[in-house]
Amino acid sequence: MGFRPDRNDILNRYGCLSNAAIRVDPAADVRMDSLMIRLLALLVMAALAPLSAADLPAGETPPGKVVLVPQPHHDDHSTDYGMAGLIARLVDEGFRAIYIRASNDEKDGRHGYPRNDMINERETEEAIAVLGMEKVISLNWRNNFESGYALNDLREQLIFLIRKYKPDVILGHNGWEHYQKNAGHRNVGWMLEEAILLAGLRNAHPEHFEMGVEPHAASYFYGKARLTWGLGHRPNIVMEFNADQQRRKETAFQLHRNVRAHPSGARSVRRQLARMNLYVPEFENLDDQEIAVLMANWSMEHISRLHGSHAGVEFGEEYYFKGEFYDLPGLQGYFEENMETR
Amino acid sequence: MTRRILAFVSLIFLAAVAPLAAQIGETNNTVVVITSDASNYVLHAGGTVAKMVEDGMEGILIRIGNDEKDSWDLSPEETALRTKQESEAAAKILGISKVISLGFRSSDFRDVPFTTMRDRLAYYIRVHKPRVLFIPNPHTQYDRNHDRYYGGRAAEDAWRAAAFKNYLPAMKDVNLGAHVTPEVYYFAPLVDPARREPESTGTFVPQPKMTDISGTLEKKIKAAQALKTINHSLAMRLKQRLDSTDRRLPLLDSVDEASINKLVEQRVRGLARLSAEGTDFQAAEEFRYAGVEYRIPASYR
């Protein structure tokens, strides 16, 4: 007897569908009323809710003019666990935003090494433009060959770029995440942490100063990571964004067509729904590509609403936030009492 | 029947730890402090080390890194030299009688082979046969100075390796046999939000431990102030940051020795207050502690 997915499988696998009204095909004898569907959707939401911390504060926009987003891969600016909503918000509030893609992404996609690299780079440029980012800098380290080169060389490049672009805010992967199997995330997150510290020290790579840059200390860090992967990443803040920024996040996510929103996913969902005599009215008159995009958008909306709800806002993303003087905990109280605005 | 099984398991366990336990009697009344960088142990363990020395222990400091990066306007060489001298001065204030500087290049520990660093440390553990060891906690999170992770990892394994005869076997010929250090304090900056959460019971993992440093706080402040190069760097970077964002700390309007010392005093007192939260102490330091419970559960002692 072959495996046949039931309704729970469908809803668990495609949390995005809880945004849609799944209907019973009237020609079928299987009944699934709307109350049952809503109940199942609630169950999915309830199951996901404990995976993130509840009752988090909603963060203010940090002061500054430049945000740097160093990430391992082409598509890490817009994920179900963060970045794009906050990037769009910062851009709308006047920040200059620059994306750093550490790897060449040759593994990600269906086209083989060099073509994947080229397609993924092009799609990155299109996607970050939607968010209002200025440009992408590709470091082109070989994708998932991180142990094959000296990580201090990657760190040095990040130090240089921090000195060159002088970011006030850095959005990166939280290097302290547990159970991260993708070495790119772990290594870039880890190197970024050190680079932020060392970029401010004159004796770290003094050769950079021959190129006209100066030491620079970025002040605010937002780290993203999977909320479902152990205790290493426990967010301490939610960053809210508006409906327009949410729409741009959805677009930036699904524009990475080499790896996302593929028509085959839509075909698979429709096939599984049909086996249970279910259908989604919103899918009618759409082709598989359009359905795949629609589902990707629902997925991103669903997760932004879920994370936003942890701070009582409509759309949000959860981060581990390090403030301006996080590394000086002994002086926090003194600063609060004695620091003045000129 | 259950009691018999328990007794049997206890015997097996004791037989297993007996060769280790036998070594514990050979310890010197010495505390060895291993630090990746000059300031970390002073700020996060200095008060406790000073108290142990006041109580009669001999203190030995091992500096893994050369601290060449952290200065405001000095070359790496000058920075390393000055910080070495200032580390020796700070250690002296805490009562530490000997400072060993290994000279690994700071911020580049990742590129040092793990066993190279570990074996250097294991050697010194065997030479000094400490009763107490202080090491950077490699399991702490959110510390951007990763030398503390790599140095702490090497130190933690050196603690273990020093206790087994088959590590560094050549040293047997010069009478440097295995040594078990019975107590280890893991220290770390207070930036890990989970730093006070026990990860398991004391039998399996080092436990959170707070120590009272009220009696040695002034000594700790003076030791921290002795690290003049690092402190000047911190004060200048802080002032630059405040100036660039139209803010000021009146204390740093003029950055001189007096203002820097005051800033350092505030920092050390603030750390002591933070660590004292939730305790009856006025001033404290916090650690992960591996003592006798970590080696032999109370039910077996």
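Reader: Why does S78(A) count as buried?

Author: Happy to start there! S78(A) has 0% relative accessibility, and buried means under 20% relative accessible area, with exposed being over 50% and partly exposed in between (1.4 Å probe, protein chains only), so S78(A) counts as buried. This is a predicted model in which local features need pLDDT of at least 70 and side-chain atom pairs count only at pLDDT 80 or more, while totals for chains, interfaces and linings use all residues. Residues are numbered from 1 along each chain as its sequence is written, chains are lettered from A and ligands numbered from 1 in the order in which they are written, and side-chain values use heavy atoms, leaving out hydrogens and water.

Reader: Where is S78(A) found, and what does S78(A) touch?

Author: S78(A) sits in the loop between β2 (66-71) and α3 (84-92) of chain A. Helices (H or I, at least four residues) and strands (E, at least two) are DSSP runs, numbered from the N terminus. Leaving aside residues up to four places away in sequence, S78(A) touches A84(A), L131(A), K249(A), A252(A), F253(A), R260(A) and M300(A); contact means heavy atoms within 4.5 Å.

Reader: What makes K249(A) and E317(A) a salt bridge?

Author: A salt bridge is a side-chain nitrogen of Lys or Arg within 4 Å of a carboxyl oxygen of Asp or Glu. For K249(A) and E317(A) the closest N and O atoms are 2.8 Å apart, so this pair meets the definition. K249(A) lies in helix α7 (residues 243-254) of chain A and E317(A) in strand β9 (residues 315-322) of chain A, so the pair ties together parts that are 68 residues apart in sequence.

Reader: How do you know whether K249(A) is buried or exposed, and what about E317(A)?

Author: K249(A) has a relative accessible area of 1%, so K249(A) is buried. E317(A) also has a relative accessible area of 1%, so E317(A) is buried.

Reader: Why is K107(A) called partly exposed?

Author: K107(A) has 31% relative accessibility, so K107(A) counts as partly exposed. Its salt-bridge partner is E106(A), with the closest N and O atoms 2.6 Å apart. E106(A), at 7% relative accessibility, counts as buried.

Reader: Which salt bridge does R110(B) form with chain A?

Author: The side chains of R110(B) and E194(A) meet in a salt bridge, at 2.5 Å from N to O. This pair crosses between chains, from the loop between β3 (96-104) and α4 (114-128) of chain B to helix α6 (residues 183-198) of chain A. R110(B) and E194(A) are both buried. Another bridge joins R342(A) and D243(B), with the closest N and O atoms 2.8 Å apart. Between chain B and chain A the count is seven salt bridges.

Reader: What area is buried between chain B and chain A?

Author: About 4000 Å², of which carbon and sulfur atoms give 54%. Buried area is the accessible area (1.4 Å probe) that two parts lose on being put together, summed over both. In chain B, R110(B), Y142(B) and R144(B) lose the most area to chain A, together 23% of what that side buries. The contact takes 45 residues from chain B and 41 residues from chain A.

Reader: What makes a nonpolar core, and how many residues has the largest one?

Author: A nonpolar core is a set of buried Ala, Val, Leu, Ile, Met, Phe, Trp, Tyr and Cys residues joined through side-chain atoms within 4.5 Å. The largest has 64 residues, and those with the most contacts inside it are L139(A), L154(A), I34(B) and L121(B). Helix α5 (residues 151-165) of chain A gives the largest share of this core, eight residues.
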